[in-house]
Each structure stands twice: as structure tokens, then as C-alpha cells.
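Take a moment with the sequence and the 3D view below.

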Amino acid sequence: MRLSLGPLLYYWPKEETLAFYDRIAESPVEIVYLGETVCSKRTLLRLDDWLALAERLAAAGKEVVLSTLALLESEAELKRLRRICGDGRFLVEANDMGAVQLLAGRPFVAGHSVNIYNGRTLGLLAREGLRRWVFPLELSAETLAELQRQRPEGVETEVLAWGRLPLAYSARCFTARAHNLPKDDCQYRCLDYPDGLTLSAQDETRFLALNGIQTQSARTFNLVTEMDRMRELGVDVVRISPQSLKTETVIDLFHRVLQGDLPAAEADARLRRLMPVGPCDGYWHGGAGMAATEAAVRSIG
Amino acid sequence: MDLVCPAGNLPSLKAAVDNGADAVYFGFRDDTNARHFAGLNFTPAKMEQGLRYARERGVKLFLALNTYPQPSGWERWRSAVDRAAELGVDALIAADIGVLDYAAEHHPELNLHLSVQGSATNYEALRFYHQRFGVRRAVIPRVLSLSQVEHVVAHSPVEIEVFGFGSLCVMVEGRCILSSYATGRSPNTYGACSPASHVEWRETPAGLETRLGGVLIERCGRGENAGYPTLCKGRFQVGGNTYHAIEEPTSLNTLELLPQLRQAGVAAIKIEGRQRSPVYVAQVTRVWRAALDACERDPAGYRPQPEWMSELSKVSEGTQTTLGAYSRPWQ
């Protein structure tokens with residue numbers, strides 16, 4: 001199995017983003033997904049900046065994949081999507097069927113917001129050029145096992161194994177709403193929340209995280225103890241989602257577990273300290289997404 | 001513009017037909033559709049009766065088969081497509097690529113509509129469904145502004161149906177898994193959002209609490225009406241404030257936009273609410289029929305009548321209505 005770094009879901013200052021990817025260039029992830037997938041107003045890095053970064057990471061030996069917007073509403077967004085899909089230098093991750101339409105006939109990756117829930121869907125997209133798919137977040141390991149049996153030749157499977165879970169997309173910006181600002185004058189408040197803005201229930205249970213137009217889980221999805229099972233299931237790529245706190249350490253711990261240099265339980269205990277709120281892994285085990293298995297709960301202690 | 005109305009059972013279907021629907025949409029009694037609620041939807045016998053009732057009155061019937069089958073459920077969805085074809089419904093409303101592919105291959109005569117659960121917000125996505133499966137109409141998510149709807153219609157290879165009235169999803173449909181995050185069940189996997197099986201109501205000293213999957217969604221003081229705890233419509237705390245952090249419990253009502261939607265070339269208006277009562281279906285269908293007819297007669301002089309608006313607010317969630325993303329007060 002290879003490690004990948006998913007697209008940066010948050011909005012960080014340009015210098016921090018570039019410094020982050022300089023460190024990633026030195027890290028043991030083999031695949032790096034680059035680009036803005038959440039909000040087209042986030043332009044501190046323009047497409048040309050992302051492409052330059054892509055060249056640098058490719059020169060450092062990484063397989064670079066350009067990731068695309070999940071919610072496409074305007075013609076300007078489609079125009080930008082056409083530029084990404086037409087660039088031709090890098091593999092592209094489609095996060096919407098509009099991107100699949102533009103990429104059809106060439107190799108592409110389907111992100112987790114493209115709903116691939118059954119073998120027939122996987123088969124059809126494979127004929128369109130699907131080379132790798134990211135397993136939908138809400139499905140279980142049991143479902144993955146069945147899908148793996150139906151997987152067409154030449155298609156790789158990628159599973160998100162670390163990060164706050166993207167749960168929903170809206171035209172509305174909930175970060176702007178939290179500041180009583182209209183979306184058009186959001187003042188780029190996302191910059192203040194490098195891991196999203198945590199939302200709690202009225203009893204103060206931390207529940208979700210607002211990330212602009214995207215709503216995430218407050219808890220961090222963590223499958224570090226499930227990597228043996230992923231290997232048994234024939235998973236090809238294990239994805240880590242970037243966060244502001246020590247992503248390189250997260251990568252290193254996953255890498256050492258993959259190499260057999262560190263027991264998964266020990267990595268799990270250390271990873272617990274790198275979560276903004278706490279762990280969850282319920283989807284993988286066929287339950288509510290926010291649930292945490294006993295192993296995950298133990299690691300809190 | 002056609003008026004497409006919901007039916008969760010035979011009395012609702014009749015109410016929609018009798019009050020002026022051009023088409024009625026319904027589903028089988030299982031998780032193959034996105035209103036998989038206890039006691040709702042049609043057994044094969046009721047479906048036959050419904051079909052006959054609608055046919056005799058010249059009203060079309062659309063079957064919603066708009067959830068996402070996993071491998072373990074595939075046979076059930078496949079046979080549901082076969083049954084829909086046997087029944088001869090006027091359209092199959094589907095979201096899943098595998099389901100659409102199967103229907104297009106095995107039942108080429110079946111008219112296919114892309115469900116709102118298919119999350120198509122742009123015309124490139126619509127081209128995909130049109131070119132691969134011959135989809136003829138798409139229902140677009142309730143997230144686009146009026147000018148974006150106009151733009152999609154202008155470039156779309158298929159007819160566009162938009163939501164006109166009913167409960168409002170502020171998230172892109174088909175891509176929201178908030179419900180399964182709290183309960184393990186989502187519209188995609190199970191055909192229900194915030195399922196009743198996971199709801200608890202509890203009187204506490206702090207007020208009436210409603211929970212979903214154990215998560216506190218709403219706490220109401222005396223004199224406040226406790227609504228159904230749909231996850232995105234709860235009151236939460238963000239940065240020290242307690243408010244409807246995602247969306248207020250309001251209904252969509254686009255009566256006043258009818259001339260613009262007509263001008264844009266929208267093919268049909270959809271009314272939400274298969275889970276609602278036959279009385280709701282009758283009232284809403286009657287008002288919308290009158291409005292569509294008025295708009296058709298005289299688009300320039302069209303104004304929503306005050307009595308239409310008051311009829312509709314009586315049956316609205318939270319008794320408030322909004323233009324939703326079409327007007328975007330929050331933009």
C-alpha cells in the first residue's frame with residue numbers, strides 16, 4: 001500500500017501553504033493531491049501557483065494529482081475546471097460528475113464526493129478512464145470487501161484513513177454565517193480556522209466543524225489500526241487529509257506502521273494527541289460515522 | 001411548466017391528481033427511494049390502483065428510485081427497475097450511475113430522469129447523464145441562485161425540473177452524509193434523512209430536548225414549538241453563540257419567482273413532501289395549479305395572491321417560507 005496526502009481542505013495563508021508542501025516534499029507520502037476543492041473564493045494560491053507547486057513536488061519524486069472543486073455552480077468555476085482538466089501534465093481527481101464528463105476517455109481519479117456505491121458504477125467509470133477511486137466515506141469495510149471483488153482490472157482503490165470527515169456541501173457559507181457576514185463579503189474568515197470552526201450541541205458536545213461551504217465532522221476519522229485489514233482487502237492507497245497540527249508526524253506514524261516498524265496500537269495512542277477533538281471510525285465498522293470503536297476510545301485514556 | 005406533486009400513499013396520489021397535478025411521483029415501499037419512512041409508499045397492488053387512477057385522468061406517474069444501492073442490495077434495486085418498466089411508469093427518477101446504466105441497457109423504452117440526489121449542479125454533469133444514459137430531464141439541487149438556474153437551463157441538454165415548494169435542503173442533495181454521521185443511515189444508503197428510529201424526545205429541567213442518534217439537536221423552552229430534529233435545522237453553539245448554525249426550519253416557497261422560472265425555460269416545478277398528509281398534497285397542489293395557470297395566462301401581470309401565500313404558510317415547516325438559494329439573502 002502507498003500513502004497519499006489528500007487535498008488541503010482548509011484555507012491557510014499562502015506562505016504557510018507553500019511551507020507546508022515544502023515539508024511534504026520531504027515526507028514519505030508517495031502521492032500528493034493539490035488544489036482547491038471547497039471554495040472558489042479561496043485564491044491566495046491561484047491555479048498557476050498550484051501548477052508551479054505541482055511541478056516542484058513532481059520534481060521531488062511525488063506523484064501529483066490535481067484535485068477539483070466538489071460543488072460547481074458558476075461558469076467561472078467551470079472555466080477553471082476546464083483548464084485543470086485540459087492541462088494534461090498531471091492526473092486529475094474529479095470531485096463532481098462535471099469533471100468526470102470533461103476527463104472521460106483519459107485516465108482520472110474519482111474523489112469521495114463522486115458516489116461509487118456499487119460494482120456497476122465502478123465498471124462504467126472504469127470504461128470512461130477511471131484509474132483510481134476513493135472509497136465513499138459513509139460505507140463500511142464489509143461493503144468495501146464486496147466492491148473489491150467486483151473491481152475492474154487496472155483500477156486502484158484509495159481509502160481515507162485520517163482526517164476530519166467532509167460530510168456535506170452547500171451554496172451557503174457557514175463560516176461567514178457564524179460571523180453574521182454575507183458570503184460575498186466573507187472577509188475570508190476561513191483563514192482564522194486552520195482546521196475548521198468547531199460547532200457544538202447545546203450540551204457542549206463537540207459535533208461538527210464548519211469549513212466554509214463544507215461541513216465536517218468535529219472528530220478525526222482514524223483507521224491506523226485497520227491497515228492490516230485494508231491490505232487484506234487489496235486497498236492500494238491510504239489517504240491522509242492535511243491538518244494544521246503536525247501532518248508530517250501523522251504521515252510518519254502511518255508510514256512506520258505500514259513498514260512494520262511500529263505497532264498500530266502505539267501509533268494510535270500517539271495520533272490521539274494530534275486530533276482537535278477526538279477519534280471516530282464508525283463508518284468503517286458499519287455504524288454511525290461519529291462512533292468510535294473501543295480501540296479508538298481506549299487510546300483517549 | 002408542469003406541476004410535479006408528491007404522493008406517499010394512494011389518498012395523496014388521488015389528492016394530487018384531483019387538484020391539478022400534471023405528474024405525480026411516488027416510490028416502492030422500501031429503501032430504493034429517498035422517502036423510506038414507516039407506513040409510507042406503495043405496495044404493488046396500491047401502485048396498480050394509483051396508475052389506473054392517474055391514467056384515466058391523463059396524469060403522468062414518475063417512480064422515484066433514487067437511493068444508492070450497495071453490492072448487498074443491488075438485486076433489490078435491479079428488480080425495482082424491472083418492476084417500474086413492467087408497470088409502464090412515465091419516468092424513472094434515479095440517481096445512481098449503476099441504476100441508470102442498468103435501466104438504459106435493459107429498458108431502453110423507459111424514460112429516465114436524473115434525481116436531485118444525483119447532485120448535478122452544472123451542465124457538464126448533465127451532459128454526462130444525457131450522453132451515457134439518454135436521461136431526458138434532471139431535477140437540480142436546491143443550492144443554485146436564480147441566475148445560475150437560468151444559466152444551467154440555457155446550456156443543458158436535458159429538461160430542467162426545479163423545486164418550488166416544501167422542506168428545504170441547504171446541502172447539495174446526494175452528497176450530504178450528516179444523517180449517517182449521527183445515525184448510520186443517510187438518504188443515499190437508507191432513503192431517509194434524520195430517521196425517526198433514531199429520534200428521542202426528552203423533558204428535562206432545561207426544556208424539551210430532541211436528540212438524533214444521541215446528539216442534542218434542539219432544546220426548547222416553554223412556549224416554543226419543538227420541530228422534528230432534522231440534523232441541519234437544529235440550534236447549535238458556535239463561538240459562544242447558540243443559533244441555527246446551518247439553517248432555520250423554514251420551507252421553500254418560490255411562488256413569486258414563477259414568471260422568471262418560466263422565462264428561463266424551466267420545464268417543471270416539483271413539490272416536496274411524499275411524507276406529508278393527503279391534506280397537504282391537496283392544498284399545495286391546488287394553490288400551485290392556480291398559480292401556474294395564472295402565470296401561463298399573463299406572465300407579465302402575474303402576482304402571487306395573498307390567499308395562496310397564506311394557504312401555503314399554513315402547511316410550511318416552521319410556518320415560515322423562504323426563497324432559499326434562488327434569492328440568496330445570505331449571499
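Among contacts in chain B between residues at least 6 apart in sequence, what share joins residues at least 24 apart? The share is 63%. Keep in mind that this is a predicted model. Its scores are ipTM 0.96 and pTM 0.96. Chain B averages a pLDDT of 94, and 99% of its residues score at least 70.

Start with the overall build of chain B. It has eleven helices and 15 strands. Along the principal axes, its C-alpha atoms fill a box of roughly 60 × 55 × 40 Å. Of the 331 residues in chain B, 57% are buried.

Now divide the chain. Domain 1 of chain B covers 2–168 + 250–326, and domain 2 covers 178–243. The C-alpha centres of these two domains of chain B lie 27 Å apart. Where they touch, domain 1 of chain B gives eleven residues and domain 2 of chain B gives eight. On the domain 1 side, four of the residues are nonpolar, five are polar and two are charged.

Next, look inside. In soluble globular proteins, nonpolar side chains tend to be buried together. Here the largest nonpolar core has 210 residues. Those with the most contacts inside it are A:Ala110, A:Phe254, B:Val24, B:Leu65 and B:Leu92. Helix H10 of chain B, residues 278–297, supplies the largest share of this core, with nine residues. Domain 1 and domain 2 of chain B each contribute at least three residues to this core.

Leaving aside residues up to four places away in sequence, A:Phe254 touches A:Leu3, A:Ala161, A:Trp162, A:Val224, A:Val238 and A:Ile240.

Finally, turn to the contact between the chains. It takes 53 residues from chain B and 55 residues from chain A. Several elements of chain B each supply at least two residues to its side, including helix H4 (97–106), helix H5 (123–133), helix H6 (146–155) and strand S10 (215–220). Which element gives the largest share of the side of chain B that touches chain A? That is H7(B), with five residues. By type, the chain B side divides into 27 nonpolar, 19 polar and seven charged residues.

Technical notes:
Residues are numbered from 1 along each chain as its sequence is written. Chains are lettered from A and ligands numbered from 1 in the order in which they are written. This is a predicted model: local features need pLDDT of at least 70, side-chain atom pairs count only at pLDDT 80 or more; totals for chains, interfaces and linings use all residues. Domain bounds come from an automatic or database domain assignment. Two residues are in contact if their C-beta atoms, placed from the backbone, lie within 7 Å. Ala, Val, Leu, Ile, Met, Phe, Trp, Tyr, Cys and Pro count as nonpolar, Asp, Glu, Lys and Arg as charged, and the others, Gly among them, as polar. A nonpolar core is a set of buried Ala, Val, Leu, Ile, Met, Phe, Trp, Tyr and Cys residues joined through C-beta atoms within 7 Å. A residue is buried if 20 or more other C-beta atoms lie within 10 Å of its own, exposed if 12 or fewer, and partly exposed in between; C-beta atoms are placed from the backbone. Helices (H or I, at least four residues) and strands (E, at least two) are DSSP runs, numbered from the N terminus. pLDDT is the predictor's confidence in each residue, from 0 to 100.
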